[in-house]
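Subject: Structure handover

Hello,

Here is the structure for you to look over. My notes follow below it.

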Amino acid sequence: MELHKRHVHSLSERKGQKRKLDDQLHANRQISPPPPTADERAAILCQASDQVRVLDSTFTWNEADRAAAKRATHTLADLAKNEEVANVIVEGGAIRALVRHLQAPPIGDDDRVQKPLPFEHEVEKGSAFALGLLAVKPEHQQLIVDSGALIHLVDLLKRHKNGLTSRAINSLIRRAADAITNLAHENSSIKTRVRMEGGIPPLVHLLEFADPKVQRAAASALRTLAFKNDENKNQIVECNALPNLILMLRSEDAAIHYEAVGVIGNLVHSSPNIKKEVLLAGALQPVIGLLSSCCSESQREAALLLGQFAATDSDCKVHIVQRGAVQPLIEMLQSPDVQLQEMSAFALGRLAQDTHNQAGLAHNGGLVPLLNLLDSKNGSLQHNAAFALYGLADNEDNVSDFIRVGGVQRLQEGEFIVQATKDCVAKTLKRLEEKIRGRVLKHLLYLMRVSEKGLQRRIALALAHLCSAGDQRGIFIEHHGLELLIGLLGSSGSKQQLDGAVALCKLANKASTLSPMDAAPLSPTPQVYLGEKFVNNATLSDVTFLVEGKRFYAHRICLLASSDAFRAMFDGGYREKDAKDIEIPNIRWEIFELMMRFIYTGSTEITLDIAQDLLRAADQYLLEGLKRLCEYTIAKDISLENVSSMYELSEAFSAISLRHSCILFILEQFDKLSARPGHSLLIQRIIPEIRNYFIKVLMKTNSCNRL
């Protein structure tokens, strides 16, 4: 069953990002400008229209025209840096004019053109830059492509093929690649169009370019084109991009290895065959090396990629660990960068699904940082950590470490954001529970015996929740775990008291289930029930009771068999032995009749309003079965307000079952009761009885193994 279904929306945000076309532009956009007013909008439209007219009239090699066209593209680009006015620029006809200037003007036979060509490559670069800025808005992407921009942008990627390179050519190619990146961002149809226009081979070729900025721009475009497009992925690999991408992973330039790892990540995502090719091409070690990069973005992408590699097969998981990925991944768990934490937890979660890795991950210090991430308010991070812990819990060697660091309580008490995480945590606790046996249990009992008090208590708390019912006697009676829990209950710390109460409650629920009749002792003599028709029936009656001045007809044989009290009354030296009429004081007729009905039939209907009076009568006449029925009825009325008085009632009439019900209620509602006055005194008062109750219950359980 797949427990860890990772949603890739966050992957999309990181791996399909638009390139920042200008560092200053990025800085300027930290605070978005307000939308233009109507007058400002009109002025911008006029300015944009003027620049479009300039571009329309300067598509020549005349030096003045080229200079004017260059200025016009720069002006439009400056305007486009403000996304709030981009629509106005488009409205002014800028797209058509800029697309036209992506190509060089034609040279006629009669044209006299100076050499070198004036502003060669500059106007095309300015047009590509401006179009790339306009493409930041999704609604402009298709307009630009429909105007024929792609074929010209792809041609610009090839400008270096005449053997000449220059700063101007390099800058032009970079701007063209950037424009393609923005046009294709989260637009599947345009990604396909780029491939159909032949854009992928020149981009792959540019990965070998000497200029690092061109390399970065090409890699960024390939990264976008590869995202969620299988045909593009396949063509990128077929064009032999992998060797150069893997070389770029080893670059000292953080911007280059960040883009390279991003391309590879998008190539392998949901593509098992490409993933295998990437691994065969030697990507694993340089990706692991990026975990120690000074660039947090590269670290993040490397961790994500390792998580994807780890899904390939078990051998790959082992190789990742063997090659040194574990320590840097664990260190990343403790980074203040939430995204770094998320991706490292993701990778460790995948690695932890292999049995050979699980003990090593815990031994290298991964357990506590992962437990700490359960406190995160980020649902995805929390889930990745929970999934990694689920894997670690599968190894018996990790169980004692889980308990030693308080992991069981962290899992039980965590506040988890999504249901999938809650389910994962529940399965982790189940895994731990299944392993509390054999050598694991023996080791825990050893630690519970020799460790410092705090660890002893943590172990006792965990075992109360996780051990099997068959092992309870050995753990809590023979190895004194019960005293550790009761010690918590009697401590001065409210959190420790609550932990002890919850553990004892869990222990009681596992050990036994109270039943209204289970605790009733057997009668010393076989029970005789005369039946309903003889209740208060003068037929064959040989004794009469006077209750509230009324006669109640009874039969000695039935009464003798019912309790020691009646046997003493009729067989002993009391005056009632030979009396025909016996007066019964201090009992109401209704109560006496119900008591007699129980004696004659073995059952009676007990309502809450008469249960305590009937309990008093049952206790007086030693009718244990009736007493238990009364206790059961009264126990259903226990509340936060009356539990103390109910406990006193149980003591007054030796109502063991009711007393135990009070104890269980106090343990179950400990947190709510703790805020009430007199609670601490009540707990101290009943601790001896709590101990007696658990000894009695646990001694009944059969130990599966002699511990």
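First, a term: a residue is called buried under 20% relative accessible area, exposed over 50%, and partly exposed in between, with a 1.4 Å probe and protein chains only. By that scale R439 is exposed, because its relative accessible area is 53%.

Now the ground rules. This is a predicted model, in which local features need pLDDT of at least 70, side-chain atom pairs count only at pLDDT 80 or more, and totals for chains, interfaces and linings use all residues. Residues are numbered from 1 along each chain as its sequence is written, and side-chain values use heavy atoms, with hydrogens and water left out.

Salt bridges

The structure holds 38 salt bridges. The criterion is a side-chain nitrogen of Lys or Arg within 4 Å of a carboxyl oxygen of Asp or Glu. Helices and strands below are DSSP runs numbered from the N terminus: H or I with at least four residues for helices, E with at least two for strands.

R439 pairs with E396 through their side chains, at 3.3 Å from N to O. E396 sits in helix α26 (residues 396–404) and R439 in helix α29 (residues 438–450), so this bridge ties together parts 43 residues apart in sequence. E396 is partly exposed, at 25% relative accessible area.

R588 and D613 form another bridge, with their closest N and O atoms 2.8 Å apart. R588 lies in the loop between β3 (581–583) and α36 (589–601), and D613 in helix α37 (residues 608–620), so parts 25 residues apart in sequence are tied together. R588 is partly exposed at 36% relative accessible area. D613 is partly exposed too, at 28%. There is also a network: salt bridges that share partners join R223, E259, R300 and E301.

R96 and D56 meet in a salt bridge as well, at 3.1 Å from N to O. That pair links distant parts of the chain, with R96 in helix α6 and D56 in helix α3, 40 residues apart. R96 has a relative accessible area of 48% and counts as partly exposed. D56 is partly exposed at 30%.

Helix α3

Does the length of α3 agree with or depart from what its residue count predicts? It agrees: at 1.5 Å a residue, the 19 residues of α3 (residues 38–56) should span 27 Å, and the end C-alpha atoms are 27 Å apart. The expected span is 1.5 Å times one less than the number of residues.

The buried residues of α3 are I44, A48, S49, Q51, V52 and L55. Seen down the axis of α3, they fall within an arc of 165°, so they line one face of the helix. The arc is taken from the directions from the helix axis to the C-beta atoms. What do these buried residues pack against? Their partners are α4 (63–80), α5 (86–91) and α6 (94–100). Contact here means heavy atoms within 4.5 Å.

Positive phi

Please look at two residues here. F119 has a positive phi of about 50°, although it is not a glycine. F119 is in the loop between α6 and α7 (122–134). Its relative accessible area is 29%, so F119 is partly exposed.

L540 is not a glycine either, yet has a positive phi of about 60°. L540 is in the loop between α33 (494–511) and β1 (543–547). L540 counts as exposed, because its relative accessibility is 69%.

Best wishes
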